[in-house]
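Here is a friendly note to read beside the model.

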Amino acid sequence: MAGCLLAAALAGCAGEEPVRPRNAILISIDTLRPDFLGCYGHPRETSPHLDALARRGVRFTDVTAASPWTLPSHATMFTGLYPSHHGVKHHETRLAESFETVAEALGAAGFETFAVVNTHNIGAPQFQLQQGFEHFEYVSEIDRDARGRIRTPNMGPLVLSTAKEMLAARDAARPFFLFLHFYDVHTDFTPRPELRARFVQPYTGKLNARSQQLNGIRNRGERLKAADLTFLREMYEAEIRTFDELFGELMTWLATQGLADETLIVVTSDHGEEFQEHGGLLHGRTQYQEVLSIPLILAGPGLPEGAVVDQPVHAIDVAPTLLAALGVRSAARRDGLDLAPAWRGGTLPERAFFGEADHNNPVGNEKVHDIKKMIRRGSEKLLLDTHTLRTELYDLAQDPGERSDLLA
């Protein structure tokens, strides 16, 4: 009987319904690399609140993004489909109404659906990623300084306060689904001053950690000095900690509202960030691990504490896993799988994973999209540039930094 009671906490004894969360919050932290988080082995204290979430839930160690930039990746997060299937690969495309999003599936099941997003790549109506959200708020990620230059300040506090207002006004008789997108970790790097002082050593170089400058360096193919790259990484660390404190505030607020014990929390990202591991900066143009590897952490009712899953998974799995955890059935086609068997001691079928829909790659005098492809099976990863026809092959088990091309 004791064994049955223990099993019931995860999957239910025979004839019993499994424990399920009533609500769900899906959080996308734009541009977040897992290897900069404490729970993924980073030595600096960038993420104590995210680390605490991982300790009370399930952490996936090997997660692949669908695309190296925001728009296609979030279309995949919402649909469980690869970019080649949902069709949202660049700014001239949009998500067709025929595709069912997570929000639509949950709305049909009686959930009240909310979203607060901090990028035009999700918030602009022409991309149609708002499908299924009853309440949708776009907090602009850009501002202008005194000289009229565009900058991207940390708008996370406004995202969080907007979400609190939405939930405070919700229909308490209905379960809810909330999607939160935070842009704080993305360039421009503008961490809180006290956290910059804590994480960033004195720097007298040329960099200001703003997108415009870094784009120029990338376009010129300029190699940065070690001190410059250290500065960028430390600014990135400070930004992660800036977000992490907001995340801690959200967790505290949920507890005070009596929602913490009945709400599933899912934390992930759309892509990572380059610090010239393969010569590039920012993201969007390549399919290397620094931009395709993302975190995935789940915690809430019915999930084990402190579980770590090393089996490779993909961003296509987020949507079907979230729906299954909430007990919501959907007949819509998904490329991904429910990941619950992985944290219940089972195994997932071996699959090929794909990375697609790069953008802003220079070809002659033009910027083109969708020319870099990735296919991975197990630890073997193949990269193809359809413009140059260059192909690269790596064994991530032996060479996680993709330094030794095995194609020959």
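1. Let us start with burial: a residue is buried under 20% relative accessible area, exposed over 50% and partly exposed in between, with a 1.4 Å probe and protein chains only. Arg-33 has 8% relative accessibility, so Arg-33 counts as buried. Glu-277, at 16%, counts as buried too.

2. A word on the source: this is a predicted model, in which local features need pLDDT of at least 70 and side-chain atom pairs count only at pLDDT 80 or more, while totals for chains, interfaces and linings use all residues. Residues are numbered from 1 along each chain as its sequence is written, and side-chain values use heavy atoms, leaving out hydrogens and water.

3. What joins Glu-277 to Arg-33? The two form a salt bridge, with their closest N and O atoms 2.7 Å apart; the term asks for a side-chain nitrogen of Lys or Arg within 4 Å of a carboxyl oxygen of Asp or Glu. Glu-277 sits in the loop between β10 and β11 and Arg-33 in the loop between β1 and α2, 244 residues apart. (Helices, H or I, of at least four residues and strands, E, of at least two are DSSP runs numbered from the N terminus.)

4. The count of salt bridges comes to 20. Among them is the one between Asp-317 and Arg-351, at 2.8 Å from N to O. Asp-317 lies in the loop between β14 and α12 and Arg-351 in the loop between α13 and β15, so this pair ties together parts 34 residues apart in sequence. Both Asp-317 and Arg-351 are buried.

5. Please look next at Glu-134 and Arg-174, whose side chains meet in a salt bridge of 2.8 Å, N to O. Glu-134 is partly exposed, with a relative accessible area of 43%, and Arg-174 is partly exposed at 25%.

6. Now the rings: those of Phe, Tyr and Trp (its six-membered ring) pair if their centres lie within 6.5 Å, and planes under 30 degrees apart count as stacked, over 60 as edge-to-face and the rest as tilted. There are 13 aromatic pairs by this rule. Phe-78 and Phe-133 have ring centres 5.9 Å apart and planes at 65 degrees, so they are edge-to-face. Phe-78 is in helix α3 and Phe-133 in the loop between α6 and β5, so the pair ties together parts 55 residues apart.

7. Phe-78 also pairs edge-to-face with Phe-179, at 4.9 Å between centres and 90 degrees between planes. Phe-179 belongs to strand β8, 101 residues from Phe-78, and both are buried. Ring pairs link Phe-78, Phe-133, Phe-136, Phe-177 and Phe-179 into a cluster.
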